[in-house]
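Welcome! Take a moment to look over the sequence and the model, and then we will tour a few of its features together.

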Amino acid sequence: MRKIEDIHELRQIQMGILDEVHRFCEAHGLRYFLSSGTLIGAVRHQGYIPWDDDIDIYMPREDYEQFLATYRDDKGTYRAINPQTEPHYYYTFAKVVDQRTRMVETETEGYEIGVYMDIFPVDYVSDDAQERERVFKQKKLLYKIRRCKISQGNPLQSRLAYWVYRCWPMSVKQIERKIRKLIVLAEPTQTVCNMTEAGPKLKGCFPAEDIAESVDILFEGKTYKTMVGYKDYLERTYGDYMTLPPVEQRVTHHFEAYWK
């Protein structure tokens, strides 16, 4: 294997994944939105945040599940993976990976994964703040249990807590069913959130009207999609997102990646 030393080479691989997902979504009428730090980069830098080394997108739950059910790459270069179909998959959201590559991460020890792009579903959540807080506390506990069940190491600081969670009398599949029942609401509300991370990140919730439509946005010289209310989403989630953070907070993920 050849190690990928240059962050620009890593980004080119990620951009290839984004182009593939964009192509598929456009061809099949699926919605997606540049999100998180990727969206900040698009708005503030018209591309990657200078010290960033990943790409994140959101999909409404309906589009997310349709994408995972239908996406195939006939050439075999890319593959969509998610916790419902992958044994020992550490993450709680989907990724599209470049199968020609390999990433080495502490979190995925024992599970081989390629250079990837993250795909997060956006779910409806209660419009009542106290109810949201209750749900967030429950999902945080369930995600901790799930990660302890899967991890080969100790994702917690406490050895006692780790073994309590590790020995919890519930399978990973049972935990995932409980998580889904908790976070996937049957009826629409006026509030949405990315519910697939441990959190709690209540400030990450935003009005459903922000994702009512998609708009074009430039990223690395190409046109992609984001949510119509992206400014509102960024302000609610990050505050003054146009101001550069202090130098000590400009941190990369220190990737370790290889061509197979």
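Predicted model: local features only at pLDDT ≥ 70, side-chain atom pairs only at ≥ 80, totals over all residues.

## Starting at D216

D216 touches T223, Y224 and K225, leaving aside residues up to four places away in sequence; contact here means heavy atoms within 4.5 Å. You will find D216 in strand β9 (residues 214-219), where strands (E, at least two residues) and helices (H or I, at least four) are DSSP runs numbered from the N terminus. With a relative accessible area of 52%, D216 is exposed; the cut-offs are under 20% for buried, over 50% for exposed and partly exposed in between, using a 1.4 Å probe and protein chains only. The C-alpha atoms of D216 and Q138 are separated by 36 Å, and the two residues are 78 apart along the chain.

Residues are numbered from 1 along each chain as its sequence is written, and side-chain values use heavy atoms, with hydrogens and water left out.

## Helix α4 and its partners

Two packed helices are described by the angle between their axes and the distance between the axes. Axes are lines fitted to C-alpha atoms, for helices over the stretch in contact, and angles run from 0 to 180 degrees between N-to-C directions. Helix α4 (residues 129-150) and helix α6 (residues 172-183) have axes that come within 10 Å and cross at roughly 160°. That makes α4 roughly antiparallel to α6; angles over 145 degrees count as roughly antiparallel, under 35 as roughly parallel, 65 to 115 as roughly perpendicular and the rest as oblique. On the α4 side, the contact is made by V135, Q138, K139, L142, Y143, I145, R146, K149 and I150, and on the α6 side by V172, I175, E176, K178, I179, L182 and I183. Sorted by class, this contact has 10 nonpolar, 1 polar and 5 charged residues; Ala, Val, Leu, Ile, Met, Phe, Trp, Tyr, Cys and Pro count as nonpolar, Asp, Glu, Lys and Arg as charged, and the others, Gly among them, as polar.

How does α4 pack with helix α5 (residues 159-166), and at what angle? Their axes are 8 Å apart and the angle is about 90°, so α4 and α5 are roughly perpendicular to each other. L141, K144, I145, C148, K149 and I150 of α4 meet Y162, Y165 and R166 of α5. This contact has 6 nonpolar, no polar and 3 charged residues.

## Where α2 meets α7

The axes of α2 and α7 come within 11 Å and cross at roughly 120°, so these helices are oblique to each other. From α2, the contact uses S36, G37, L39, I40 and V43, and from α7 it uses Y230, Y233, L234 and Y238.

S36 is found in helix α2 (residues 36-45) and counts as buried at 10% relative accessibility. Its phi is near 55°, a positive value in a residue other than glycine. Phi of Q46 is also near 55°. Q46 lies in the loop between α2 and β3 (56-60) and, at 43% relative accessibility, counts as partly exposed.

## Aromatic rings

How many aromatic pairs does a search of the whole structure find? It finds 15, where rings of Phe, Tyr and Trp (its six-membered ring) pair if their centres lie within 6.5 Å, and planes under 30 degrees apart count as stacked, over 60 as edge-to-face and the rest as tilted. One of them is the edge-to-face pair of Y162 and W163, at 5.2 Å centre to centre with 70° between the planes. Y162 is buried at 6% relative accessibility, whereas W163 is partly exposed at 46%.

F206 and Y233 form another edge-to-face pair, with 4.9 Å centre to centre and 65° between the planes. This pair links distant parts of the chain, 27 residues apart: F206 is in strand β8 (residues 206-207) and Y233 in helix α7 (residues 230-238). F206 is buried at 1% relative accessibility, and Y233 is buried at 0%. Both belong to a cluster, linked by ring pairs, that also takes in Y58, Y89, Y90, Y91, F93, Y116 and F120.
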